Amino acid sequence: MVALHLACQNLQNYGCDIALAGGVSLQVSRNDAFFYQEGGIGSGDGHCRAFDAKASGTVSGSGLVVLVLKRLEDAIRDGDQIHAIIRGVGINNDGSEKNSFTAPNVDGQAECIVEAIEMSGVDPETITYIDAHGTGTDLGDPIEIAALTKAYRAYTKKKQFCAIGSVKTNIGHLVTAGGLASLVKTVLAMKHRVIPPSLNFEEPNPKIDFINSPFYVNTKLSEWKTDGFPLRQVLVPLE
């Protein structure tokens, strides 16, 4: 996702006219990257249960993603097939404020989300799907929802209008390709106008207050409808 951010930045600055942003993760065995250790990132039961009360971590996955990026006006001029438009991106590092080496700080992540929203110029109430980092860890999931809620609350008090999911429940954690896999998932969801289910979710992690947040976990294939505005989504990867 950092490669994607830099590609967008260079296109905006006319440092290039076309950019390729990609990532790859190849795991030799099922859980080559994430083995179970109490309190760690590896799942204890072999399932990624993002945002669920039984969540105990994530599982490995393998994949390759490459995106071709151009400025919108150039793509229109050249007659390219346009799958989606990136309206805003954000990047930061909360350094010593992190909760751990791999777990972010609520304030730092919220600031990054707000940065992308401000760049996009869209009303967050029109963003109706988020594909989250969603590793299914007891520490990371509550931080992520708290950060998203803090970012959204700067714009709206509306509750439970935005679906949330995690591609990791479908294909595992692709590590350096994980964020881009989320992007491909959501682009395909927009193309087919459906929101894919986030798997293995039964009841929310008690540390997450979904009821008073703008979000709900989408647990079944749902028609993606809006009140007349374009389909819009946010990605919140940490890769």
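Predicted model: local features only at pLDDT ≥ 70, side-chain atom pairs only at ≥ 80, totals over all residues.
Local features need pLDDT of at least 70, side-chain atom pairs count only at pLDDT 80 or more, and totals for chains, interfaces and linings use all residues. Residues are numbered from 1 along each chain as its sequence is written, and side-chain values use heavy atoms, with hydrogens and water left out.

In soluble globular proteins, nonpolar side chains tend to be buried together. A nonpolar core is a set of buried Ala, Val, Leu, Ile, Met, Phe, Trp, Tyr and Cys residues joined through side-chain atoms within 4.5 Å; buried means under 20% relative accessible area, exposed over 50%, and partly exposed in between (1.4 Å probe, protein chains only). The largest such core has 24 residues, and L4, L67, L69, L183 and W224 have the most contacts inside it. Helix α6 (178-192) is among the elements that supply at least two of its residues, and α6 gives the most, with six. Helices (H or I, at least four residues) and strands (E, at least two) are DSSP runs, numbered from the N terminus.

The structure also holds eleven salt bridges, each a side-chain nitrogen of Lys or Arg within 4 Å of a carboxyl oxygen of Asp or Glu. In one of them, the closest N and O atoms of K185 and D131 are 2.7 Å apart. K185 lies in helix α6 and D131 in strand β3 (residues 129-132), so this pair ties together parts that are 54 residues apart in sequence. K185 is buried at 11% relative accessibility, and D131 is buried at 0%. By contrast, R77, which bridges to D78 at 2.9 Å (N to O), is exposed at 58%.
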